[in-house]
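Please walk through this structure chain by chain.

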Amino acid sequence: MTIAQKGRWLVVTGLVMLGGVYVRALAFTPVERFQGLAQKIFYVHVPAAVTTELAVILLGLASVFYLFLRDPRLDRFAEASAEVGMVFAAIVLTTGPIWGKPIWGTWWTWDARLTSTLFLFFLLAGYQVLRGAVTDGSLRARYSAVLGICAVVLVGFIHLSVYLFPTLHPQPIVLKPSKPSLPAEMLLTLVLSFGVFVVLYIGFVMQRYAIATRRAETLHG
Amino acid sequence: MGELVRQAWTIARKDLTLEFRSRTAIVSALVFTALVLTVFNFGRDPTAVSTLDLAPSILWVTFTFAAMLALNRAFQLELDNQALEGLLISPLDRRSLYWGKLLANLVFVAVVEAVGLPLFVLFFNVPVGNALLPLLAVIALATLGFVAVGTLFSAMVVRTRFAELMLPVLLLPFLLLPLTYAVQATARLLDGRPLSEVAGWLRLLAAYDIVFLAVASWLFPYTVEE
Amino acid sequence: MLWAEGLRHAFNEGRVVALDDVSFTLTAGQTLAVFGPNGAGKTTLLKVLAGLIRPQGGSARVAGGRRVIGWIGHQSHLYGHLSVRENLLFWGALYGVPRAQRARQAADALARLGMSDRAEQAVWSLSRGLVQRAAIAKALIHDPEVLLLDEPFTGLDLGAAAELRALLGALRGAGRALVLATHNVDEGAELATDIAFQLRGRFVQLAPRGGRGSAEIADAYRRAVAGGGGGGGGGGRIDG
């Protein structure tokens, strides 16, 4: 099976599993006391946000390796990861307000998760814009790698700064999985959901990577 | 090491000579800063929100835009003069090019800030008082952070289409961090808070500067090699 | 002094071949003239030698590195708002000319190019020919052992071109190595000790000049270009 086919298979599997997680979330997981049914979106929201960050971190790693190895496959992976990351970020940024309106009464709030995801979205958008503006393949790869590394350093710095200076952040701009006080069943649903999102991430990245490879081949051919 | 410093200084001195001889860029930047501060004045309703609440944001938004103007010209200068290729053919160490440009950018932005800060204090009746020295420290550290990353990105952006638009798009997410720290620190300083409350923000700014100076100077050669 | 071995380089994801297995060696006193039509890869070759481009295949080396190379190319590398002298001092500093000698070497270079009276003039106010002369002065300020010249006669009138030829001849005589790329055979033929024809990245001919006149070389060149890669010689090593 080609990468694209494997990717598609994974995505389909992932979506089916996502459906399963949803059934579990809606029917078999207890309803949260204060937030009611609307809290269920949490099981999509949090994993999507964490996956976005995962996409950025992997993008950064691929960028570092690219600068040393100059393998165009690493650049294509970075390109794929960035685009998929943006999709997941968009999911968070749209599901957030949907969740927020019934809970907080406003469409937008500067809570930790939304803020950090918005931030990641801007980083990824900048990355895409840079890629779009450079026509030469190897220059584009090099510039993207530089930006990718800066992005991942920034994300790391934010995390570290919150852990080192906890009192200073009235609105901590970091993603903290809010696990501590979840009952076991909710936690399980959350973990399952996260697993599903990772599967989806891998599937989407594989497909996107295949597209990038095909594009490169067309140019060479 | 000494050679690196000397080369960086040669670059910086050349840039500053050119900048202050033609004066166009620096004058534009100064006028721009004054205009932005004026716009903020007309944009606010003094009865609704106290100036002092807004002041830190006003100052830092202004400085951020001024820094971006400065950053754009750094490598545009080389392109305009068709000299970048010559710099790369010469034995100039790529890192020296980064540090030289960084230094020139810092001086340029410092000049703009040296005019902008008094204007800000004047326009908005800001009670700086004892906080002046710590405030200058905040400004220095934040500016260093802006310019460290900005110098790197401006080298990349100069060879793309729509360079002036691309730089803010790429750079602003990275500036949000030192910007936030600077605004928080400035707010507390103008509020008359003791230095101990501000120290944490200063340390964060310093940490940001160290990390990104290191990363940017390491990455810079990759942006100019062909 | 200068080595190139198996150089390969292509642009646009491999569609435009700029260097195709180019190899040669150059020692002091040799002048290699590379003739070729536009797009043949002459500029790319010079950029690889200068260390500006890392070739995708093969290697090139100049003994002494960037410090000993003087470059004259399409871009003047001069800052418009600085005077000619200020430009020379700047580039001299970058090329490691000690501070004590910088002013004198700048003055020497200016005198050599007949530009002493224009030393304080801002470059933006100079005519194209004078800018080219200033660029040549800049290339010579650090007394380079190797000169890489990309169409150096562009913008020069007949008189200035003749002066440049004389200057290059003197430099070559004084133990420099020169690589001169041009599409105009008449300009470089007399100066060369060795001639190469470059077509689509490949050296289709590489041989010592051997007393041939420029007319003869021009003829061979035309044949090589028309033949699209034929003609004698092939790739090879030339030693001085």
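In this predicted model, chain A has 6 helices and 0 strands. Its elements follow the pattern α-α-α-α-α-α along the sequence. Of the 221 residues in chain A, 50% are buried. If contacts in chain A between residues at least 6 apart in sequence are considered, 76% of them join residues at least 24 apart.

A:Thr51 sits in helix α2 of chain A, which covers residues 42-69. Is A:Thr51 buried or exposed? Its relative accessibility is 0%, so A:Thr51 counts as buried, the cut-off being under 20%. Apart from neighbours within four places in sequence, the contacts of A:Thr51 are A:Phe88, A:Phe194, A:Phe197 and A:Tyr201.

Chain A also packs against chain B. Two packed helices are described by the angle between their axes and the distance between the axes. The crossing of α5(A) and α6(B) is left-handed. On the α5(A) side the contact is made by A:Tyr143, A:Val146, A:Leu147 and A:Cys150, and on the α6(B) side by B:Leu152, B:Phe153, B:Ala155 and B:Met156.

What does B:Trp60 contact, leaving aside its neighbours within four places in sequence? The partners of B:Trp60 are B:Val138, B:Ile139, B:Ala142, B:Phe146, B:Leu179, B:Ala182, B:Val183 and B:Thr186.

Chain B meets chain C at a loop residue. B:Asn81 is placed in the loop between α3 (51-80) and α4 (84-89) of chain B. With a relative accessible area of 13%, B:Asn81 is buried. Not counting residues up to four places away in sequence, B:Asn81 touches C:Ser76, C:His77, C:Leu78, C:Tyr79 and C:Gly80.

The strands of chain C come next. Three strands of chain C form an open sheet in the order β2-β1-β4, with antiparallel pairing. Its edge strands are β2 (16-26) and β4 (57-62) of chain C, each of which pairs on one side only. From one strand to the next, the twist averages 20 degrees. Helix α1 of chain C (residues 42-50) packs on the sheet and touches β1, β2 and β4 of chain C, and its direction makes about 55 degrees with that of β2(C). Strand β1 of chain C (residues 2-11) is joined to β2(C) by 8 bridges, and the two run antiparallel. Within this pairing, C:Phe11 stands opposite C:Val16 in β2(C).

Parallel pairing is found around strand β6 of chain C. How many bridges join β5(C) to β6(C)? There are 4 bridges between strand β5 (residues 69-72) of chain C and β6(C), and these strands run parallel. C:Ile69 stands opposite C:Val146 in β6(C). Strand β7 of chain C (residues 177-182) is joined to β6(C) by 5 bridges, again in parallel. There, C:Asp150 stands opposite C:Ala181 in β7(C).

C:Leu32 belongs to strand β3 of chain C (residues 31-35), and at 0% relative accessibility C:Leu32 counts as buried. C:Leu32 and C:Ile69 are 37 residues apart in sequence, and their C-alpha atoms are 15 Å apart in space.

Methods:
Residues are numbered from 1 along each chain as its sequence is written. Chains are lettered from A and ligands numbered from 1 in the order in which they are written. This is a predicted model: local features need pLDDT of at least 70, side-chain atom pairs count only at pLDDT 80 or more; totals for chains, interfaces and linings use all residues. Side-chain values use heavy atoms; hydrogens and water are left out. Two strands pair if DSSP finds at least two bridges between them. Axes are lines fitted to C-alpha atoms, for helices over the stretch in contact, and angles run from 0 to 180 degrees between N-to-C directions. Contact means heavy atoms within 4.5 Å. Buried means under 20% relative accessible area, exposed over 50%, partly exposed in between (1.4 Å probe, protein chains only). A crossing is left-handed if the near helix is turned anticlockwise from the far one by less than a right angle, and right-handed if clockwise.
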